[in-house]
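Trainee: I am new to this structure. Please take me through it in short questions and answers.

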Amino acid sequence: MKILFAIIFGTTIAYQGLGQKYFTKNAKINFDATSASSPEKVEAINRSATCVLDTKTGAIQFSMLMKGFEFERALMEEHFNENYVESDKFPKSEFKGKIKDNDDVKYDKDGTYTVKVKGDITIHGETKEVEADGKVIIQNGKITAEADLSVKLSDFKISIPGLVADKVSKTAKITVTCSLEPLTTK
Amino acid sequence: MKRKKVIIYIIITVFILVGIAALYIYKEYTRTHTDTALLKPDYSLEATSLVKAFETDEQASNKKFWDKVIRVEGVVKDVIKDEKGFFTLALGDTSSMSSVRCSIDSVHSKEAANVQKGSLIAIKGICSGFNADELLGSDVILVRSVVDRKK
């Protein structure tokens with residue numbers, strides 16, 4: 001009886017460990033639209049994006065507030081919010097997708113797993129399907145997820161005024177980094 | 001002779017005006033953000049009240065608080081330090097998943113490093129909006145935040 005109980009209990013724990021939801025409210029999203037002719041870096045960081053990963057299905061989701069992007073230059077940040085992404089009209093951006101090769105990631109074993117992430121990204125009220133290269137790093141049971149993707153600003157109806165058109169890249173590089181914790185619902 | 005003098009005056013005036021314009025453009029271009037510690041808050045309230053206001057009516061609260069300097073008081077639920085030394089402080093009801101999450105201005109990291117979980121503090125920051133999630137709870141986000149004073 002004791003053995004049966006141990007097997008059932010052990011299996012349940014193992015199942016939960018492999019098929020659990022992980023999250024963070026401190027995902028970092030780096031935005032870089034620096035072009036070859038930019039006089040300085042056109043980049044910003046958002047340090048308060050949320051991310052949820054279901055390790056069982058590979059479903060991954062990000063959500064961020066556009067006003068949360070911090071630029072070093074105040075004028076650059078004002079232009080980003082007011083003229084380009086119109087943060088007052090479109091305050092949030094999100095990504096909903098899946099880790100394509102989730103079955104290859106052994107969440108219970110330390111290692112760095114190279115993956116492809118595919119899903120829909122919504123910026124400036126426009127939704128596009130994107131695919132990104134990513135990494136899932138497992139270290140001492142902790143999960144870190146990283147991804148790099150490039151988005152064409154015109155795909156999201158973000159127009160750059162002619163006066164600064166050559167100073168801002170037409171394609172923005174977005175880098176995501178997040179350390180995830182197990183999600184325990186109260 | 002008189003005509004020559006007028007031309008010289010015009011040239012000098014144009015040079016001065018161009019100089020002033022160039023200085024203005026340079027100053028505006030290189031302008032950095034004003035330290036939040038020096039800004040007067042537009043609104044001052046309890047962290048739990050701010051979360052409740054957004055939960056009750058997100059649209060109206062966005063209109064009222066978005067991009068404004070907010071001073072919130074509340075219990076520190078969490079102190080998060082990332083690998084680069086940036087701090088985020090979460091304020092609010094400890095029994096709830098929802099919080100006011102304050103991303104601390106790196107210039108003021110030292111003050112944040114001394115904050116203890118469970119203590120009562122006041123924080124000033126710029127409201128960047130509301131992030132609601134069924135699973136994760138609802139958070140009001142403040143950026144460029146500074147610890148205002150301990151209660």
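Mentor: Start with a definition: buried means under 20% relative accessible area, exposed over 50%, and partly exposed in between (1.4 Å probe, protein chains only). This is a predicted model, in which local features need pLDDT of at least 70 and side-chain atom pairs count only at pLDDT 80 or more, while totals for chains, interfaces and linings use all residues. Residues are numbered from 1 along each chain as its sequence is written, chains are lettered from A and ligands numbered from 1 in the order in which they are written, and side-chain values use heavy atoms, with hydrogens and water left out.

Trainee: How many aromatic pairs are there over all chains?
Mentor: Rings of Phe, Tyr and Trp (its six-membered ring) pair if their centres lie within 6.5 Å; planes under 30 degrees apart count as stacked, over 60 as edge-to-face and the rest as tilted. By this rule, the count over all chains is eight.

Trainee: Which kind of pair do A:Phe31 and A:Phe69 form?
Mentor: The ring centres of A:Phe31 and A:Phe69 are 6.2 Å apart. Their planes stand at 65°, so the pair is edge-to-face.

Trainee: How many residues apart are A:Phe31 and A:Phe69?
Mentor: Helices (H or I, at least four residues) and strands (E, at least two) are DSSP runs, numbered from the N terminus. A:Phe31 is in strand β1 (residues 21–34) of chain A, and A:Phe69 is in the loop between β3 (59–65) and β4 (70–71) of chain A. The pair links distant parts of the chain, and the separation is 38 residues.

Trainee: Is A:Phe31 buried or exposed?
Mentor: The relative accessible area of A:Phe31 is 13%. Therefore A:Phe31 is buried.

Trainee: Where does A:Phe80 lie, the residue that pairs with A:Phe69?
Mentor: A:Phe69 and A:Phe80 form an edge-to-face pair, 5.7 Å centre to centre with 70° between the planes. The two are eleven residues apart, and A:Phe80 lies in helix α2 (residues 74–84) of chain A.

Trainee: Why does A:Phe80 count as buried?
Mentor: A:Phe80 is among the buried residues of α2(A), which include A:Leu75 and A:Met76. A:Phe80 counts as buried because its relative accessibility is 3%.

Trainee: Is B:Ile20 buried or exposed?
Mentor: B:Ile20 lies in helix α1 (residues 2–29) of chain B. At 53% relative accessibility, B:Ile20 counts as exposed.
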